[in-house]
Amino acid sequence: MEIRKALVVGAGQMGSGIAQVFAQAGLEVVLNDIKPEFLERGIAVITKNLSRDVEKGRKTEEEKAAVLARIHPTTNMGDAHDAQLAVEAATENMEIKKNIFRQMDEVLPTGAVLATNTSSLPITEIAAVTSRPELVIGMHFMNPVPVMKLVEIIRGLATTNEVYEAIEDLTKKMDKVPVEVQDFPGFVSNRVLMPMINEAIYCVYEGVASVEDVDQVMKLGMNHPMGPLTLADFIGLDTCLAIMEVLHEGFGDSKYRPCPLLRKYVKAGWLGKKTGRGFYQY
Ligand code: CAA
């Protein structure tokens with residue numbers, strides 16, 4: 001199964017990064033979102049990333065132009081009618097994702113693979129709304145996508161080996177490292193990462209240490225590149241809460257209960273870097 005053209009749904013932080021790394025690997029990319037301004041913002045981020053690569057001598061101006069020329073922004077998903085792959089990178093909400101999968105299932109030709117960049121929602125449940133659950137798979141990129149090496153590849157209950165291998169090959173073509181994971185809440189990345197972030201928030205909530213000091217402990221003590229609270233702001237506190245809810249509900253285990261302080265921040269609209277305020281101010 002050769003993938004030459006891909007649809008990416010969602011031009012936000014993750015979707016624009018995915019479009020960039022696909023185009024860098026030589027794929028034609030249809031980048032789809034619901035509003036032209038979302039697409040413009042996504043293309044601006046990709047252009048900035050590529051310009052930095054040129055400044056640092058990692059790409060020539062010609063290579064930058066060629067990558068950009070392979071990305072086709074559009075509000076019409078129908079432009080991807082001849083793509084071999086679709087990747088959904090919308091917000092972490094099951095109903096929104098199911099709607100997008102129904103649309104992708106209509107637009108993409110028979111035999112095309114439908115992937116989701118979900119960070120915790122069940123692949124098998126998403127696959128069940130399509131006519132081709134055997135062609136549905138999880139392709140979980142890490143933020144920032146152009147920098148992070150990992151792609152967690154999640155098999156749904158019905159996903160075929162052929163589909164798994166096609167996505168594994170594509171991951172390697174992008175110079176990233178695939179890791180195979182089965183479909184359980186949070187997969188591996190967020191089952192391990194989010195309880196750590198949640199526990200860091202509990203440390204602040206219970207007055208064990210300040211935000212800065214919790215981050216300092218993990219940065220200097222564990223050599224993490226970012227402290228957990230900085231990382232939570234970077235990921236988005238709404239996303240962190242959504243993932244904790246998936247773990248809590250999915251396993252029915254109180255060890256995954258979201259910290260009340262995390263809920264309070266999300267209710268206040270303090271979602272982290274993207275809204276200018278989270279555990280830190282930006
Ligand atoms: N887009 C593209 N490139 C970026 C970038 C971005 N948003 N942010 C940083 N970079 C690049 C920089 O250009 C720089 O490249 P060069 O050195 O080649 O110029 C390189 O990354 C390092 O950046 P900085 O020197 O500015 O800063 P840094 O050394 O602190 O690295 C970082 C930044 C890579 C983000 C690092 O802090 C890091 O690894 N943080 C942890 C990130 C992480 O854990 N991500 C996973 C989040 S969880 C997730 O994504 C999954 C989920 O489901 C929630």
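## Around the ligand

The ligand is surrounded by 17 residues, where a residue counts as near if one of its heavy atoms lies within 4 Å. The closest are Arg-52, Arg-58, His-140, Asn-143 and Asn-190. This is a predicted model, in which local features need pLDDT of at least 70 and side-chain atom pairs count only at pLDDT 80 or more, while totals for chains, interfaces and linings use all residues. Residues are numbered from 1 along each chain as its sequence is written, and side-chain values use heavy atoms, with hydrogens and water left out.

What kinds of residues form the shell around the ligand? They divide into 9 nonpolar, 5 polar and 3 charged. Here Ala, Val, Leu, Ile, Met, Phe, Trp, Tyr, Cys and Pro count as nonpolar, Asp, Glu, Lys and Arg as charged, and the others, Gly among them, as polar. Helix 2 (36-55), helix 7 (189-205) and helix 9 each supply at least two residues of this shell; helices are DSSP runs (H or I, at least four residues) and strands likewise (E, at least two), numbered from the N terminus.

## Polar atoms facing the ligand

Now for some atom pairs. A polar side-chain atom of Arg-58 lies 2.4 Å from an oxygen atom of the ligand. For the side chain of His-140, an N or O atom is 2.8 Å from a ligand oxygen, and for Lys-56 the distance is 2.9 Å. Taken alone, the ligand exposes 1000 Å², and the protein buries 63% of that (areas by the Shrake-Rupley method with a 1.4 Å probe).

Most residues other than glycine have a negative phi, and most peptide bonds are trans. The peptide bond from Asn-143 to Pro-144, however, is cis, with omega near -5°. Pro-144 sits in the loop between strand 6 (136-141) and strand 7 (150-155).

Asp-175 is not a glycine, yet has a positive phi of about 65°. Look for Asp-175 in the loop between helix 6 (161-173) and strand 8 (177-182).

## A pair of helices

Helix 9 (residues 228-235) meets helix 10 (residues 237-251): their axes come within 6 Å and cross at roughly 100°.

Note on methods
Axes are lines fitted to C-alpha atoms, for helices over the stretch in contact, and angles run from 0 to 180 degrees between N-to-C directions. A polar contact is a pair of N or O atoms within 3.5 Å; within protein, one must be able to donate a hydrogen and the other to accept it, and residues adjacent in sequence count only if both atoms are side-chain atoms.
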